[in-house]
Amino acid sequence: MPPVSSPGSRTALVTWSVVFAILFVVSSIFAIYFYADSNKANQREADFRKRYTEVISDADLGGEAITQLREARATAPEGSGITGTTPLFQMALTQRDELARTVAGAAVTNPAAAADRARAALRTAGDAGKAAGVTVPATDNLSNALTTLANAVQARSNQIKDLQAQLNQAKQANAAQAQQFEQHRQELDKQVAAIRQEQASAQTALTTYQGAKNQDVEQIQAAFAQERKALQDAGNNAQVQIAELNRQLSGANQQIQTLQQKLGENRINTQDPITRHPDGQIIRLPARDVVYINLGQAESVTPGLTFEVYDKLDGIPPVGDPTTEDRLPKGKASIEIVRVGNGSSECRVVRTTPGTQLSEGDLIANLVYDPRVKYNFVVYGDFDLDRNNVATPQDADIIKRLITQWGGKMLDNVNVDTDFVVLGKEPVLPTFTKEELQDPFNAKKLDDAQRALDAYNRVRDTARDLHIPILNQNRFLYLIGYYDQARR
């Protein structure tokens, strides 16, 4: 017999079944709701991730750029509008805009336009660099290009300063030389004025004397005509007076000739007998390289004095053109005094001409040496005594020393008192192209050479105008017997 259920148990079962069904429905509803909400959240997350990955990747979120943006936000100056909560993307945009304004100016806010301007500036800088001889780096780095151009500008500025300093120095040197030239010109004008005044005085004296002489002659002739018949003695006295006047006239003419010689109209020249007059002769030849001459202590000779030896029959030859190397006055030999005696001196033979032989009675001569006359010399220019094709002022000092050592006198410039002018090598003008003359150093070098040549020509022309003998280096050395000694 089945058990009999109570009505209370069935009611509870039904209640619980209803409750369970309700809970199941509610849970199903909540499950469906949460599932739909979860799908929406996932979709929003996917959309959000897609949006921010378009802006920045996950790897870049922890990169150095984000760190630098945070540091820039933290160190932003007050008043810039940036706070600690400013988005980093906004920081990046701010920096971008500032960079665009820095590159292209405040009017450009588009980074692409700023980049275009930067590239155009790079191309312009490259073209300008080529024109100025500066290589600008072929990159899109505007900073390197600007640095390169700035360095080039600084270098050109330094070069300009150096060239300006050199130009100033050259101007100062030119001014000093111009002042020196003006001083020389004034001195020359004074000398010319003195010569003209002396000439005018001489002419006035001559005119005065000539007038007085004519007047005296007329008086004498008048008196002689009146007393000729009556007084023969008076006529004789008149003749004596005329002779005396003629003597005075001869003396006056001699004085005029002396003044003319002083003015350079009758100067000593290298063709006159005075330069062909021997100073002595060889009196003994004890050995092949030793000779004795008839000059001793009484003639004021000293050891080291040299002579040129000429044949006793042919004599001293003409000097020839004193400005060329043709027909040099070369003798049979050159000798040098090594020991001075009372009436003679021992000499060593420095040079001999091939095919000649020394003999007793051969003549000796030295243009500078003369125990009776002291000649005045002007030595000008650079000389090449060792004949290595390099003329130097030091060799000119050697020639001046020889002249003063052997009795001559040195003058600073050519004037009416000058007896001989010894000229060195003629200055040579350098040759430059028009482009080379753009260099101030080359221009100054040419200007200095031109001034040296002008000064050389002035000395030579002044000597010619005053009829002063001009000798070149080699002709002078032969005339003093020192040609081969000069090499040592």
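This is a predicted model: local features need pLDDT of at least 70, side-chain atom pairs count only at pLDDT 80 or more; totals for chains, interfaces and linings use all residues.
Residues are numbered from 1 along each chain as its sequence is written. Local features need pLDDT of at least 70 and side-chain atom pairs count only at pLDDT 80 or more, while totals for chains, interfaces and linings use all residues; side-chain values use heavy atoms, with hydrogens and water left out.

**The largest pocket**

Select His184, Tyr380, Ala455, Arg458 and Val459, which lie nearest the centre of the largest pocket among its 35 lining residues. A pocket here is an open set of points on a 1 Å grid over the protein atoms alone, where a 1.4 Å probe fits, with protein on both sides within 12 Å along at least five of seven lines; lining residues have an atom within 4 Å of a point. Its volume, the space filled by probe spheres set on the points, is about 1300 Å³.

Next, colour α6 (142-227), β7 (376-380), α8 (393-405) and α9 (440-465), the elements that each give two or more residues to the lining. Helices (H or I, at least four residues) and strands (E, at least two) are DSSP runs, numbered from the N terminus. The largest share, nine residues, comes from α9.

**The sheet around β7**

Stay on β7, where four of the five residues are buried, meaning under 20% relative accessible area with a 1.4 Å probe, protein chains only. Select β8 (residues 409-410): β7 and β8 pair in the parallel sense over two bridges, and pairing requires at least two DSSP bridges. Asn376 stands opposite Lys409 in β8.

**The nonpolar cores**

Select Ile293, Phe307, Ile335, Phe377, Phe476 and Ile480, which touch the most other members of the largest nonpolar core, a set of 39 residues. Such a core joins buried Ala, Val, Leu, Ile, Met, Phe, Trp, Tyr and Cys residues through side-chain atoms within 4.5 Å. Apart from it lies another core, of 11 residues, including Val414, Tyr456, Leu466 and Ile468.

Conventions. Buried means under 20% relative accessible area, exposed over 50%, partly exposed in between (1.4 Å probe, protein chains only).
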